[in-house]
Amino acid sequence: ITDSMSLRTNSITGAIPTQLGKLTAMTGAFWFYNNAISSTVPTELRLLSKVTSLRIDHNKLHGKIPTQIGRMTKLSLLHLQNNSLCEDIPDQVATLSSSNPEQFSDKSNWNIDTGNAIGTLCCEAAPDAYSCAPTPPPSTLPTPSPTATHLPTTNPAHLPANPPTDLIYAT
């Protein structure tokens, strides 16, 4: 396949096969939108560096948007909306729209936020799928003083003259 791949509105389930990243000669559209794909966005899509249109919207994709999507510098259309994507849009991906303003001058060519949980931790957006690392509780131990600590000393005059030597140990 050297031009485009369109598998839209086909009720496709499962994951986007990572092997599709091997279609490096593809120069047109990669459309897998309006299906029931339920996986993370594969980082291997970065290998489709000549693709001009990526639509994987209206699926059940989850997790973070991979930074590697930012390597798809020929994109003039990017649709990721209406999935369950979370966390922030990586700088590498956001840079696509600012470094190619003529390509993304039509705002309808750039849709990531709508219907996703962008800006929300994945563990908060999908607690059944992701867990947040617990925050350790604040310490209740006393904070050491920056000055030297003086330990109590024992005056030898207060020690018994003849310590006991016949201690009995229970076993």
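In the predicted model, a disulfide connects Cys86 and Cys122, with an S to S distance of 1.9 Å. This pair links distant parts of the chain, since Cys86 lies in strand S8 (residues 84-87) and Cys122 in helix H2 (residues 122-125), 36 residues apart. The torsion about the S-S bond of Cys86 and Cys122 is about 95°, so this disulfide is right-handed. Buried means under 20% relative accessible area. Cys86 has a relative accessible area of 2% and is therefore buried. Cys122, at 4% relative accessibility, is buried as well.

The structure holds two disulfides. Besides the link of Cys86 to Cys122, there is a disulfide between Cys123 and Cys132, whose sulfur atoms are 1.4 Å apart. The link of Cys123 and Cys132 is right-handed, with 60° about the S-S bond. Cys123 has a relative accessible area of 12% and is therefore buried, whereas Cys132, at 39% relative accessibility, counts as partly exposed. When the bonded cysteines of the chain are numbered in sequence order, the pairing reads 1-2, 3-4.

In soluble globular proteins, nonpolar side chains tend to be buried together. The largest nonpolar core in this model contains 25 residues, of which Phe30, Leu54, Ile56 and Leu78 touch the most other members. For Leu54, neighbours within four places in sequence were left aside; the contacts are then Phe30, Ile69, Met72, Leu75, Leu77, Leu78 and His79.

Note on methods: Residues numbered from 1 in each chain as written. Predicted model: local features only at pLDDT ≥ 70, side-chain atom pairs only at ≥ 80, totals over all residues. Heavy atoms only, no water. Core = buried A, V, L, I, M, F, W, Y, C linked by side-chain atoms within 4.5 Å. Buried < 20%, exposed > 50% of the residue type's maximum accessible area, 1.4 Å probe, protein only. Contact = heavy atoms within 4.5 Å. Disulfide = S-S within 2.5 Å. Helix = DSSP H or I, 4+ residues; strand = E, 2+ residues; numbered from the N terminus.
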